[in-house]
Amino acid sequence: MRLPRHLPGRARSRAAIVPAVVVALGLAACTSGGDGAPDERSPTTSPPPVTSAESYVFTDAAGIEARLTLRGEGAELTVRNDSGGVLPKPGLFVLDARDGVRTTWRVLDAAPVPDGERASFEVERSLVPEARHIGLVVLLLGGEDFGAFVPPQPGDGA
């Protein structure tokens, strides 16, 4: 837009602002909810995580729950499947809290878990021997990363 040369400098800059304000107001009107009313729907959120005082817990909206309980030099992984299908063999990896190194923990005799069933597996812990060195535990199903476990929450009775 070309401004007339006869306007002084200040008036010319004000004249340039007016069209910009009009455009901004027009854009704001175009991006509102259409009828001018705010969108009153609540966003979809995940359910709160399930926790335990003695176990690492993984849950998801698909109906999978896994609990990893440390026992002496090893651990036990329990998987409950209410997903509607067979779950592939479970596996685990751990990130070491000290240096972030990824370590696979071997699930002994891992087997698929049928729908509606619960299965328990012994786990061989390696390279992250102490619980205080566990930074993150991740559930694998069929070698695919399904997500992280929530660590034990002291004093929790869930």
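Predicted model: local features only at pLDDT ≥ 70, side-chain atom pairs only at ≥ 80, totals over all residues.

Me: What makes β2 and β3 a pair, then?
Reply: Eight bridges join β2 to β3, and the cut-off is at least two, so the two strands count as paired. They run antiparallel, and one of the bridges has T69 with E76 of β3 as its partner. In this hairpin two residues lie between the strands, and G72 takes a positive phi near 55 degrees.

Me: Which residue takes a positive phi in the hairpin of β7 and β8?
Reply: That one is G142, with phi near 65 degrees, and this hairpin has two residues between its strands as well. Strand β7 (residues 134–141) and β8 are antiparallel and share four bridges; at least two are needed, so they qualify as a pair. L141 has E144 of β8 as its bridge partner.

Me: How do you know that β1 and β8 are edge strands?
Reply: Look at the order first: the eight strands form an open sheet, β1-β2-β3-β6-β5-β4-β7-β8, with antiparallel pairing. β1 (56–59) and β8 (144–148) each pair on one side only, which is what puts them at the edges. Neighbouring strands of this sheet are turned by 30 degrees against each other on average, ignoring direction.

Me: How many bridges hold β1 to β2?
Reply: Four, in the antiparallel sense, with β2 covering residues 64–71. Among the bridge partners are T59 and E65, the latter in β2.

Me: And what is β3 joined to by seven bridges?
Reply: To strand β6 (residues 118–124), again running antiparallel. V79 has A119 in β6 as its bridge partner. Along the sequence, the pattern is α-β-β-β-β-β-β-β-β, that is, one helix and eight strands.

Me: Why is β3 called largely enclosed?
Reply: Seven of the eight residues in β3 (residues 74–81) are buried, so the rest of the structure largely encloses this strand. For the chain as a whole, 28% of the 158 residues count as buried.

Me: Why is the aromatic pair called tilted?
Reply: There is one aromatic pair in the structure. The ring centres of F58 and F149 are 6.1 Å apart, and the limit for a pair is within 6.5 Å, so they qualify. Their planes stand at 55 degrees; under 30 would be stacked and over 60 edge-to-face, so the pair is tilted.

Me: What makes you say R102 lies over the face of F93?
Reply: R102 is at 3.6 Å from the ring centre of F93, and the distance limit for a charge over a ring is within 6 Å.

Me: Last one: what share of the accessible surface belongs to carbon and sulfur atoms?
Reply: 55%, out of a total of about 10300 Å² for the chain.

Notes
Residues numbered from 1 in each chain as written. Heavy atoms only, no water. Buried < 20%, exposed > 50% of the residue type's maximum accessible area, 1.4 Å probe, protein only. Areas by Shrake-Rupley, 256 points an atom, 1.4 Å probe, with all protein chains shown as cover. Axes fitted to C-alpha atoms, helices over the stretch in contact; angles between N-to-C directions. Phe/Tyr/Trp six-rings, centres within 6.5 Å; stacked < 30°, edge-to-face > 60°. Lys NZ or Arg CZ within 6 Å of the ring centre and 35° of its normal.
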